[in-house]
Amino acid sequence: MLLAKKTSKQADDFSGRRKLVIILMLAAMLMLVVKAVQLQVLDTQFLQKQARSRHVGTVKIAAYRGQIKDRNGEGLAVSAPVGSVWVNPQYCRVKTGKKAKQACAELNNVSKLKQLAKLLGISTAKVTRSFDASSNKQFVYLKRRIEPGLAEQVKALGLPGVAVIKEFKRFYPAGEVTAHLLGFTNIDDKGQEGLELMHNSTLEGVPGSKRVIRDGARRVIEEHDVESIKESEAGQDLHLSIDERLQYLAYRELKTAVIRHKAEAGALVILEAETGNVLAVVNQPSFNPNSRKGMKISHYRNRAITDVFEPGSTMKPLVVAAALDGGYVKEDQLFTTKNLRIRGKWVKDGHDYGTLNLTNVLKKSSNVAASKIALSMPPEYFWRFYNSLGFGMSPGVGFPGEASGSLPEYFGWSEFEQATLSFGYRISMSVLQLARSYTALADDGQLHSVSLLKREQDDYAQQVISAATAIKVRTMLEQVVKKDGTAYQARVDGYRVAGKTGTVKKVKNGAYSNDYVSVFVGMAPASDPKLIIAVMVDSPHAGQYYGGLVAAPIFSKVMGGALRLLGVAPDEEQSMSVLLSK
């Protein structure tokens, strides 16, 4: 009996335990069903979002910066695709999975870190610091703008948290030849100097973005783009008036001359006489925009546009033109050149020239005769003429730091100041402004606006003197480059040249020093000018300093080469035939 009761009790206990197990299993199954419903139905959007945040990311698509091209379509500033290496220092801190831990163990592999440092040309210490999770940073650049091939080698290392993004790097094929004009961009491809800064809004594009799939190490799986969120928009190209061939020619000759004469600096501008288009603008000293490490900021200045100087005797043809056009002097008028005293101050010439006509006033560059011509005009008329040529105001090309120069108001002039203005003292301008003023003589009295962008014609030209006056003065200036003129070394074989020298004492610390500025500005062919070239050499220290000996030879070489490159027909034979027929 007792055995039967015991057996019955054991059966009841087993049945109870079985029921309990079944209940627990059913409860567990129910919980799984509930969880499945929650995951598959209720929380599906939340979980998908979390999955995307871990495996789908958004990356920026760099925009292509527009090219800067010369008038013939040659690329002067171009952008090329490169890679930038970055690291997420928090990657190993937040990753807890087995694979992530195995990947993060690679960071303890010193040889791989050294490999990365060697590839990027940086120290191993810098690489190690970049992985420091205590900084709380999630994005640190290791090296920007590396060659695509190098970027692939970095990817091949497979280091966790390290990624490469596509960017663009700016290149300047002509290097220092166009450096002052084009300027450069910074590491973020934003214009910092020159035309890159001036036209940054036109050149820079609009970055896009896309969703991508990342692997367990947060590296982008490039062949698995999810979708494009926004396409990048390339920047617009900029078409300049510059002719790269003339730019090279001008740069070479200016650099050679600055070195030969041991000058502090130099600048040169070539204008198209009939449009005012700037065909070349070069400076010395220069810099390489592709590698600016250790470069002096002062070398970035585009002196031809931003720096001013007193132009000296290059003003005399303009004074003659003003007086002739206003009827204050006659074409056949004679001038004595004996030292001129004006209110206790003297105006003198370097030599005794005796009596000169207008042509010889320019040919011999007489300060005394030029002063007399200036004093024959009312101050207001004289000032208005200079002002009409753009002196004392910006030439309007919009270049960063563009100089306006200075022109004192006429109501404050003394007679002596009016006289000195005739030979280029007490007035200042840039090389670009000087070249522009001579468009009035080159294009039959029309003063042209100047442009660095390509254009077919100048819609802003103004008639400032009569065509007859411009032609007369231009003819006079041809004598300046004859053997007994001041600029014999400015001549160009086969072409008639018209131009004027300038030699000016340089102002230092508010007083005139023993340094000089050597200047020449001229045009060719004189019968129908196509080009105007203005040259300025600052402080030559090799012995010679006269404009006719320092600046004029530069003009000759650049003008001769430019006319031949442009296929301009010689006109000197025509000049000779006219003389023989008389």
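Student: Is Tyr300 buried or exposed?

Tutor: In this predicted model, Tyr300 has a relative accessible area of 15%, and because anything under 20% counts as buried, Tyr300 is classed as buried.

Student: What about Phe184, buried or exposed?

Tutor: Phe184 counts as buried too, since its relative accessibility is 7%.

Student: How are the rings of Phe184 and Tyr300 placed?

Tutor: Their centres lie 5.0 Å apart and their planes meet at 65 degrees, and because planes over 60 degrees apart count as edge-to-face, the pair of Phe184 and Tyr300 gets that name. A search of the whole structure finds 15 aromatic pairs, and the pair of Phe184 and Tyr300 is one of them.

Student: Can you give me another ring pair?

Tutor: Tyr386 and Phe391 also form an edge-to-face pair, with 5.4 Å from centre to centre and 80 degrees between the planes. Both Tyr386 and Phe391 are buried, and they belong to a cluster in which ring pairs link Phe382, Tyr386, Phe391 and Trp413.

Student: Switching to the sheet now, in what order do the five strands come?

Tutor: The order is 12-11-21-20-19, in an open sheet with antiparallel pairing. Strand 12 (278-284) and strand 19 are the edge strands, each pairing on one side only, and neighbouring strands are turned by 10 degrees against each other on average, with direction ignored.

Student: How many bridges join strand 19 to strand 20?

Tutor: Ten bridges join strand 19, residues 498-508, to strand 20, and the two run antiparallel. Within this pairing, Lys500 stands opposite Val521 of strand 20. The hairpin of strand 19 and strand 20 has two residues between the strands, and there Asn509 takes a positive phi near 55 degrees.

Student: Why is strand 20 described as largely enclosed?

Tutor: Strand 20 covers residues 511-524, and eleven of its 14 residues are buried, so the rest of the structure largely encloses it.

Student: What happens at the other end of the strand order, with strand 11 and strand 12?

Tutor: Strand 11, residues 265-272, runs antiparallel to strand 12 and is joined to it by six bridges, and Leu271 stands opposite Val278 in strand 12.

Student: Which helices lie on the sheet?

Tutor: Helix 11 (residues 244-260) lies across strand 11 and strand 12, running at about 25 degrees to strand 12. Helix 20 packs on the sheet as well, touching strand 19 and strand 20, and its direction makes about 80 degrees with that of strand 19.

Student: How do helix 13 and helix 20 pack?

Tutor: Helix 13 (residues 316-326) and helix 20 (residues 467-478) pack at an angle of about 145 degrees with their axes 10 Å apart, and helix 13 passes helix 20 in a right-handed crossing.

Student: Which residues meet there?

Tutor: From helix 13 there are Pro317, Val320, Ala321, Leu324 and Asp325, which meet Thr469, Val473, Met476 and Leu477 of helix 20. The residues of this contact divide into seven nonpolar, one polar and one charged.

Student: Okay, Ile465 next, where is its place?

Tutor: Ile465 is in the loop between strand 18 (462-463) and helix 20, and it is buried, with a relative accessible area of 3%.

Student: What does Ile465 touch, leaving out residues up to four places away in sequence?

Tutor: Ile465 touches Ala321, Asp325, Phe385, Ala440, Leu441, Asp444, Gly445 and Ala470. Ile465 and Gly326 are 139 residues apart in sequence, yet their C-alpha atoms are 8.9 Å apart in space.

Student: Last topic, the whole chain: how many helices and strands are there?

Tutor: The chain has 22 helices and 21 strands, and 48% of its 582 residues count as buried. Among contacts between residues at least 6 apart in sequence, 71% join residues at least 24 apart.

Methods. Residues numbered from 1 in each chain as written. Predicted model: local features only at pLDDT ≥ 70, side-chain atom pairs only at ≥ 80, totals over all residues. Heavy atoms only, no water. Buried < 20%, exposed > 50% of the residue type's maximum accessible area, 1.4 Å probe, protein only. Helix = DSSP H or I, 4+ residues; strand = E, 2+ residues; numbered from the N terminus. Pairing = 2+ DSSP bridges. Axes fitted to C-alpha atoms, helices over the stretch in contact; angles between N-to-C directions. Left-handed = near helix turned anticlockwise from the far one by under 90°. Contact = heavy atoms within 4.5 Å. Nonpolar A, V, L, I, M, F, W, Y, C, P; charged D, E, K, R; others polar. Phe/Tyr/Trp six-rings, centres within 6.5 Å; stacked < 30°, edge-to-face > 60°.
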